[in-house]
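Trainee: Could we go through this structure together? I would like to begin with the overall fold and then turn to details.

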Amino acid sequence: MPGIEVLKDADLLVMDIRRKSLPKEQLDLIREYLNAGKPFVGFRQASHAFEVGDVPEGGAVWPTFDIEVLGCDYRGHGRKGTKVTIDSKNAEHPILRGVTTEPWVSESPIYAEGTEEKDAVVLWWGHQKDRTEAVAWTRLYKAKGRIFYTSLGVPENIEQPQFRRLAINGMLWALNEPITK
């Protein structure tokens, strides 16, 4: 990842990468960033960002990144077409300001990952015929770093105003910045 050194001074790390092996020094920079309590926003494939089968010489992986940082356990995905609804218990969460409360259908296949950590605050649920999974939530990493993650994020999602508003609000929340409608 050319230029990853800027992470030392970054205010926010936003990630949507899939199954990458990085040089150990680069993965260590990400760990240092997160361990310092800095904010992180993850989209879709970030739940399996550093899981790979074969690791090239000098490469490093973090197979428990999803569990440790995001608070979920990625176990694959289902078919396309996920009905997305707001979690009514958390409808007043700042990230949901200006986000429609109406259900909508995402083209993203639903991820089987579940929120494993008790501190996860689920904002959106994804429903398919045979399962319901959290598809957007917040949590704190090591009780200090603000984490916002959504398993949605295919190109069709980005065309949806409610997804774009959620993504922007998630970044603002992670930065501990005010969110207005």
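This is a predicted model: local features need pLDDT of at least 70, side-chain atom pairs count only at pLDDT 80 or more; totals for chains, interfaces and linings use all residues.

Mentor: Read along the sequence, the protein chain follows the pattern β-β-α-β-β-α-β-β-β-β-β-α-α.

Trainee: How many helices and strands does the protein chain have?

Mentor: The protein chain has 4 helices and 9 strands. Its radius of gyration is 16 Å, close to the 16 Å that the globule rule gives for 181 residues, so the chain is as compact as a globular protein of that length.

Trainee: What share of the residues is buried?

Mentor: Buried residues make up 48% of the 181 residues.

Trainee: On to helix α4. Which of its residues are buried?

Mentor: They are Gln 162, Phe 163, Leu 166, Ala 167, Asn 169, Gly 170, Trp 173 and Ala 174.

Trainee: Now Glu 133. Is this residue buried or exposed?

Mentor: Glu 133 counts as buried because its relative accessibility is 11%, which is under the 20% cut-off. This residue lies in strand β8.

Trainee: Which residues is Glu 133 in contact with, leaving aside neighbours within four places in sequence?

Mentor: The contacts of Glu 133 are Arg 75, Ile 110, Tyr 111, Ala 112, Glu 113, Gly 114, Trp 125 and Gly 126.

Conventions. Residues are numbered from 1 along each chain as its sequence is written. Side-chain values use heavy atoms; hydrogens and water are left out. Helices (H or I, at least four residues) and strands (E, at least two) are DSSP runs, numbered from the N terminus. Buried means under 20% relative accessible area, exposed over 50%, partly exposed in between (1.4 Å probe, protein chains only). Contact means heavy atoms within 4.5 Å. The radius of gyration is taken over C-alpha atoms; the globule rule is 2.2 Å times the number of residues to the power 0.38.
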